[in-house]
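User: I would like to go through this model with you and ask, for each label you attach, what value stands behind it.

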Amino acid sequence: MVFRPQMNTSRWTTAVAACLALTLACSGQIGESPGAPGPGASGGGTTVSTPLTCSDRITDVNVTPLRRLTNAEYLNTVSDLVGDVSSLNLDFVVELTTENFPFLNKADAQQTPPVLAHQYLSAAERIASDTVRNRLSKVLTCDPATAGEQECAKTFISSFATRAFRRPVDTEQTQALLSMWQVGRDTGGDFKSGVEAVITSVLVMPEFLYRFEMSPAVAGKKLIPLDGWDMATRLSYLLWNSTPDDALLAAAKDGKLQTPAEITAQIMRMMSNPRAKEVVARFHEQWLQVDDIKSAEKDLMVFKTFNAGVADAMQQEVRSLIDAVIWQGDGKVASLFTAPYTFVNDVLGKFYGVTGPTTMTFARVDQAGLGMRPASGILTMGGLLAAQAGRNDTSPTKRGIFVRKALLCEDLPPPPKDANIVPPVTKPNQTRRQAMANHVTDPTCASCHMMMDPIGFGFENFDASGFWRAGEGGQTIDASGNIMGSDVAGNFNGPVELGAKLAASDEALACVSTQWFRFAFGRESGDTSGDRCAVTQLHDALKQGGALAVVRAIPQTAPFLYRKVPEGGL
């Protein structure tokens with residue numbers, strides 16, 4: 001899909017509006033849209049070695065969906081192109097998630113409604129103006145006074161559009177953008193006005209906002225090996241959540257992203273960059289849904305010490321634990337469920353009632369320093385438990401659903417049509433567990449709630465704000481629980497024993513592998529042998545080498561190395 005400005009317009013904003021119309025029309029799968037951008041200039045090659053194999057022979061993969069940049073990807077990409085834009089406080093429509101797909105990048109949910117398209121236009125105009133005014137040297141590598149305005153404009157367009165489109169800009173695109181530069185130049189009266197017009201136009205073009213994959217098709221082949229440009233884009237957004245850097249683009253141009261060894265070399269280089277830590281943290285935050293703690297509504301008359309500062313500290317607690325387990329520890333799923341320590345700063349230490357640092361710096365506190373509060377990896381993180389609770393009650397059902405769906409990847413049936421979904425009210429001198437006894441005794445409730453509530457009861461020592469308590473309603477809390485229908489089915493008492501069960505669960509390990517697949521590809525894993533093989537590879541990598549091994553394994557799977565041609569597609 002190539003933008004064509006209207007050549008007879010007197011104002012370049014009219015042409016940008018035409019570009020927005022194309023952006024609004026973009027959705028679906030790679031290869032579906034007529035007029036999609038061609039492969040661009042030569043370079044990058046198309047020969048990819050046979051991907052790694054597993055017990056299920058690779059025969060196919062699912063169709064690659066058309067993916068729009070997420071809000072975070074957009075901001076990171078723009079900052080890499082023109083410099084830091086955080087001061088502009090750009091705002092976009094909030095991305096939605098579901099219990100079954102907690103990630104913000106689900107391709108079939110990435111529509112571009114009119115409100116978002118106009119937010120893109122407003123952002124593009126502000127970014128372009130700010131860049132030309134404050135950071136022109138970031139994007140302009142020639143001097144129009146020396147090279148001539150037309151030639152310098154061509155040089156700028158070739159460099160900027162190639163980086164923005166993540167593959168070489170072709171002759172037709174160059175001419176279209178040069179015309180846009182001329183309209184801006186004539187309207188604004190100087191060279192910089194033309195540059196501003198080009199930046200604005202590029203940032204609302206489908207080639208920028210969507211991750212088109214146009215590796216040349218091979219006659220008679222359903223699976224197309226990615227060319228270097230598409231591979232560079234996939235690697236960069238997987239590992240850095242942003243556009244390819246100069247080294248990746250150079251490798252693509254030279255045809256050096258075509259073998260497992262070449263891809264592995266780039267993976268190792270990129271994973272040594274702090275950006276990779278940010279992506280790993282982002283996966284875990286979205287998987288564990290701890291971002292929800294910032295918007296979690298709590299009854300401040302009941303939880304008087306809970307506030308926004310505590311919520312922020314809880315989110316950092318999770319990040320610190322993930323960093324310790326993944327980057328400093330063994331990276332294993334078992335450690336995520338059983339780590340006998342946590343991280344607190346002055347704010348969180350005071351909230352938890354434990355002795356910790358007296359500054360805002362987070363420090364590790366082992367179980368011995370936590371008093372009665374247990375430590376069992378992510379299962380005792382205050383932010384996770386507060387997010388999976390109600391406004392003023394612990395909601396064992398919600399916590400049980402979280403374990404079933406997020407940690408075991410199980411589908412749960414919806415409640416019966418005649419079910420009373422209003423949670424029971426806890427009476428004075430009654431525990432939450434006692435208030436919910438009807439859930440597991442009433443036949444209309446028990447069939448479903450027996451799968452959820454007995455797991456959630458294991459977290460009852462943590463109130464709705466994530467604070468540990470020994471009693472409730474004048475009674476000692478019963479934190480015994482039970483898991484049904486799992487490979488580690490049976491009784492447990494509290495989150496530490498639950499963590500030991502999950503650490504030994506192959507079902508949980510397979511679930512985390514599936515979650516990594518969803519995060520990496522922006523879609524559910526499919527029934528094709530290629531997808532099944534890929535998830536098996538990730539499962540094996542996770543079991544043997546932990547999370548970082550999974551990240552290294554993703555780019556060597558068939559769904560990453562190839563794109564499938566849809567029926568009637570390109």
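User: Why is Cys511 called buried?

Analyst: In this predicted model, Cys511 has a relative accessibility of 2%, and buried means under 20%, so Cys511 counts as buried.

User: What makes Cys409 partly exposed?

Analyst: The relative accessible area of Cys409 is 25%; because buried means under 20% and exposed means over 50%, with partly exposed in between, Cys409 is partly exposed.

User: How do you know that a disulfide joins Cys409 to Cys511?

Analyst: The distance from S to S is 2.1 Å, and a disulfide is a pair of cysteine sulfur atoms within 2.5 Å, so Cys409 and Cys511 are joined by a disulfide.

User: Why is the disulfide of Cys409 and Cys511 called right-handed?

Analyst: The torsion about its S-S bond is about 75°, and the disulfide is therefore right-handed. Cys409 lies in the loop between helix H18 (396-407) and helix H19 (432-435), whereas Cys511 lies in helix H22 (residues 506-521), so the pair ties together parts that are 102 residues apart in sequence.

User: What makes Cys142 and Cys152 a disulfide?

Analyst: Their sulfur atoms are 2.0 Å apart, and the cut-off is 2.5 Å, so this pair too is a disulfide. The torsion about the S-S bond of Cys142 and Cys152 is about 95°, so the disulfide is right-handed. Cys142 is in the loop between helix H4 (136-139) and helix H5 (144-147), and Cys152 is in helix H6 (residues 149-165), 10 residues apart. Both Cys142 and Cys152 are buried, and by the same rule the count comes to 2 disulfides.

User: Why does Met360 count as exposed?

Analyst: Its relative accessibility is 57%, and exposed means over 50%, so Met360 counts as exposed. Met360 is found in the loop between helix H16 (346-352) and strand E3 (363-366). Leaving aside its neighbours within four places in sequence, Met360 is in contact with Asn345 and Val347.

User: Which residues lie nearest the centre of the largest pocket, and what classes make up its lining?

Analyst: Glu95, Leu104, Arg282, Gln286 and Asp291 lie nearest the centre, among the 44 residues that line the largest pocket. By class, that lining has 17 nonpolar, 11 polar and 16 charged residues. Helix H13 (274-288) is one of the elements that give two or more residues to the lining, and the largest share, 5 residues, comes from H13. The space in this pocket is about 910 Å³.

Terms used:
Residues numbered from 1 in each chain as written. Predicted model: local features only at pLDDT ≥ 70, side-chain atom pairs only at ≥ 80, totals over all residues. Heavy atoms only, no water. Helix = DSSP H or I, 4+ residues; strand = E, 2+ residues; numbered from the N terminus. Buried < 20%, exposed > 50% of the residue type's maximum accessible area, 1.4 Å probe, protein only. 1 Å grid on protein atoms, 1.4 Å probe; cavity = no way out; pocket = protein on both sides within 12 Å on 5 of 7 lines; lining within 4 Å. Points joined across faces, edges and corners; volume = space filled by probe spheres on them. Nonpolar A, V, L, I, M, F, W, Y, C, P; charged D, E, K, R; others polar. Contact = heavy atoms within 4.5 Å.
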